[in-house]
Amino acid sequence: MHELWLCKSILEIIKQKADTAQCARIKKIVLEIGQLAAVEKNALIFGFTVIAKGTVAENAELNIIDIPGEALCESCQKRSPLQQYYDACQACGSHALKVIHGEELRIKSMVVE
């Protein structure tokens, strides 16, 4: 369950930002998570709730923006949606794809007080 490790990392980053901005409480955190990032969102939300107890992020609302997978075909140079690794290009059927979106995992924003 790597989601717990991700929660700890997210919490450390937002605590550093909150300290720098001298915030008393974090109310909301917005994450961007790519479809190919292999993150179980429910486990991440649950883990964050547990990890955040007793911190400035306790009771913070965690919003997740899903980023769909997309690849550039090295054969036909067209962009193709990517549901999972090793999908074929929808235009030409090639498997020579370079992922350009969908692996993201980042903190987009947070609301503090």
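Author: In this predicted model, three strands form an open sheet in the order 4-3-5, and their pairing is antiparallel. Strand 4, residues 79-81, and strand 5, residues 97-101, are the edge strands, each of them pairing on one side only. On average, and with direction ignored, neighbouring strands of this sheet are turned by 35 degrees against each other. Strand 3, which covers residues 70-73, runs antiparallel to strand 5 and is joined to strand 5 by four bridges; as for C73, its bridge partner in strand 5 is L97.

Turning to the chain that holds this sheet, its secondary structure amounts to two helices and six strands, which follow one another from the N terminus as α-β-α-β-β-β-β-β. The chain is more spread out than a compact globule, because its radius of gyration is 17 Å, well over the 13 Å that the globule rule gives for 113 residues. The C-alpha trace spans about 55 × 25 × 15 Å along its principal axes, and 34% of the 113 residues are buried. Of the contacts between residues at least 6 apart in sequence, 71% join residues at least 24 apart.

H2 counts as partly exposed because its relative accessibility is 36%, and, leaving aside neighbours within four places in sequence, H2 is in contact with A37, A38 and V39.

Terms used: Residues are numbered from 1 along each chain as its sequence is written. This is a predicted model: local features need pLDDT of at least 70, side-chain atom pairs count only at pLDDT 80 or more; totals for chains, interfaces and linings use all residues. Side-chain values use heavy atoms; hydrogens and water are left out. Buried means under 20% relative accessible area, exposed over 50%, partly exposed in between (1.4 Å probe, protein chains only). Contact means heavy atoms within 4.5 Å. Two strands pair if DSSP finds at least two bridges between them. Axes are lines fitted to C-alpha atoms, for helices over the stretch in contact, and angles run from 0 to 180 degrees between N-to-C directions. The radius of gyration is taken over C-alpha atoms; the globule rule is 2.2 Å times the number of residues to the power 0.38.
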